Amino acid sequence: MLMRTDPFRELDRLAQQLMGPGTWSRPSPMPMDAYREGDVYVVAFDIPGVSADAIDIDVERNMLTVKAERRPVAKSDDVQMELSERPLGVFSRQIVLADTLDTEHIQAGYDAGVLTLRIPIAERAKPRKITIGVGDDRKEISG
């Protein structure tokens, strides 16, 4: 068997071992992407190996908090672990959402280890036309 080493991967692994797994009071960060797709703001979190029932999503005012816990897989007594690089424990991410997002209608989906949140842009933040009334004359402008 051919084995190749990466010194930076070894440093990352050593740092993770020293810090230990994430806990509820000190969670590990989770990678994410955020982008706008039309009238929806999309946030995607990578949390592979986490079951959907171990994910907690909260919104308080405009603070979005996502927490997930990757638990060890139950193994029988005769299993001897040779290598363990996948981190276990609690992962968390907090995002301050803009006031222009409609936090009442967030949709969440989980597929292939990716949690995707779709947050609609609030109606009040979308462009609209404003009518100006001067006496009996009214003009419409774009705003």
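A salt bridge is a side-chain nitrogen of Lys or Arg within 4 Å of a carboxyl oxygen of Asp or Glu. In this predicted model, local features need a pLDDT of at least 70 and side-chain atom pairs count only at pLDDT 80 or more, while totals for chains, interfaces and linings use all residues. Numbering starts from 1 along each chain as its sequence is written, and side-chain values use heavy atoms, with hydrogens and water left out.

First, the confidence. The protein chain averages 80, and 76% of its residues score at least 70. Among its elements, helix α1 (residues 7-19) has the lowest mean pLDDT, 58, whereas strand β7 (residues 107-111) has the highest, 97.

Next, the layout. Helices (H or I, at least four residues) and strands (E, at least two) are DSSP runs, numbered from the N terminus. A contact here means heavy atoms within 4.5 Å. Of the contacts with a separation of 6 or more, 50% are between residues 24 or more positions apart.

Then there is the inside of the protein. Buried means under 20% relative accessible area, exposed over 50%, and partly exposed in between (1.4 Å probe, protein chains only). Of the 143 residues, 21% count as buried. Leaving out residues up to four places away in sequence, L115 touches a list of partners including V43, F45, I55, V66 and Y110.

R70, in strand β5, is a curious case. For charges, Lys and Arg count as positive and Asp and Glu as negative, with His and the chain ends not counted. R70 is buried yet has no salt bridge, and the nearest side chain of opposite charge, D46, is 9.3 Å away. What does turn up is the backbone oxygen of P48, 2.5 Å from a polar atom of the R70 side chain. Beyond neighbours within four places in sequence, R70 is in contact with residues including I47, P48, R86, L88 and F91.

V73 sits in the loop between β5 and β6. V73 counts as exposed because its relative accessibility is 55%. Its C-alpha atom is 9.9 Å from that of L88, 15 residues apart along the chain.

Finally, the structure holds three salt bridges. One pairs E37 with R118, the closest N and O atoms being 2.9 Å apart. E37 lies in strand β2 (residues 32-37) and R118 in strand β8, so this pair ties together parts that are 81 residues apart in sequence. E37 is partly exposed at 39% relative accessible area, and R118 is partly exposed at 30%. Another joins the side chains of R36 and D39 (3.9 Å, N to O); R36 counts as exposed at 53%, while D39 is partly exposed at 42%. E69 and R71 also meet in a salt bridge (3.7 Å, N to O), with E69 partly exposed at 22% and R71 partly exposed at 44%.

Notes:
pLDDT = per-residue confidence, 0-100. Polar contact = N/O pair within 3.5 Å; in protein donor to acceptor, adjacent residues only side chain to side chain.
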